[in-house]
Amino acid sequence: MTVRLTRREKDAIRSSPCGRCGAVPPFADGSRCHPHRVRPELGYVAGNVVPRCPPCHAAEPGHHPWIKAARKGGRRSYELHPENVRALNARLTPAQRSAIGRRVHELHPDLARENGRRSQALHPENVRALNAKLTPMQRSAIGRKGGLALNARLTPAERSARGRKASRAITSAQRSANARKGWAAHRARRVAA
Ligand SMILES: [Zn+2]
């Protein structure tokens with residue numbers, strides 16, 4: 001059973017003493033503890049989040065404080081000299097570019113959604129053009145991935161409420177086509193097993 005922590009629960013963790021060195025927030029610079037995911041892939045769910053003071057958090061594997069600093073610095077220099085950042089980007093190989101993107105996505109999974117929403121708001125025509133360039137297979141693979149990621153974050157009750165809503169939004173012909181498809185996939189899995 002995975003229940004995502006509420007804002008209040010995360011806040012309580014921020015005010016708790018560091019689980020590693022015992023330092024009690026608030027610290028000299030006014031900062032507090034960070035909620036640290038013991039297993040990052042499980043997310044901010046009950047039992048997986050512990051308080052870490054900033055230095056201890058930076059020392060946890062997979063948490064490089066320079067990534068945060070680089071992001072801040074990167075944003076700032078992009079605001080000041082967008083042409084330099086573009087030139088730097090142009091020097092990277094596609095593999096390097098996607099490795100950086102993957103790493104950022106691992107650390108900030110919600111950023112992609114935020115950025116996507118932002119670019120949709122700023123340049124809807126670009127997003128439509130990009131979408132038009134994708135094959136139907138690519139489009140549905142992206143949708144599936146987004147749907148699975150969203151599902152993983154929902155509680156079972158939220159999930160079934162979404163399912164009910166989606167089911168009301170389609171025609172009965174679509175519903176029975178979907179059921180047939182689901183059943184065929186289920187049978188295929190059973191045969192494979
Ligand atoms: Zn500490």
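Helices (H or I, at least four residues) and strands (E, at least two) are DSSP runs, numbered from the N terminus. The end C-alpha atoms of H9 (residues 156-169) are 20 Å apart, which agrees with the 20 Å that its 14 residues should span at 1.5 Å a residue. The expected span is 1.5 Å times one less than the number of residues in the helix.

The model is a predicted one, in which local features need pLDDT of at least 70, side-chain atom pairs count only at pLDDT 80 or more, and totals for chains, interfaces and linings use all residues. Residues are numbered from 1 along each chain as its sequence is written.

The protein contains 10 helices and two strands, and their order along the sequence is α-β-β-α-α-α-α-α-α-α-α-α. Of its 193 residues, 5% are buried. Two residues are in contact if their C-beta atoms, placed from the backbone, lie within 7 Å. Among contacts between residues at least 6 apart in sequence, 38% join residues at least 24 apart.

Strand E1 pairs with strand E2 (residues 49-52) in the antiparallel sense over four bridges; two strands pair if DSSP finds at least two bridges between them. In this pairing, His 36 stands opposite Val 50 in E2. In a regular strand the side chains alternate between the two faces of the sheet. The covered face of E1 holds His 34 and His 36, and the uncovered face holds Pro 35 and Arg 37.

The largest nonpolar core has six residues: Ile 13, Cys 18, Cys 33, Val 49, Cys 53 and Cys 56. Such a core is a set of buried Ala, Val, Leu, Ile, Met, Phe, Trp, Tyr and Cys residues joined through C-beta atoms within 7 Å. When residues up to four places away in sequence are not counted, Ile 13 touches Cys 33, Pro 35, Val 49 and Pro 51.

Pro 26 lies in the loop between helix H1 (7-14) and strand E1 (34-37). Pro 26 counts as exposed because it has 11 C-beta neighbours inside 10 Å. The peptide bond from Pro 25 to Pro 26 is cis, with omega near 0°, whereas most peptide bonds are trans.

Ser 119, in helix H6 (residues 109-122), is partly exposed because 13 other C-beta atoms lie within 10 Å. Leaving aside neighbours within four places in sequence, Ser 119 is in contact with Asn 126 and Val 127.

How values were computed. A residue is buried if 20 or more other C-beta atoms lie within 10 Å of its own, exposed if 12 or fewer, and partly exposed in between; C-beta atoms are placed from the backbone.
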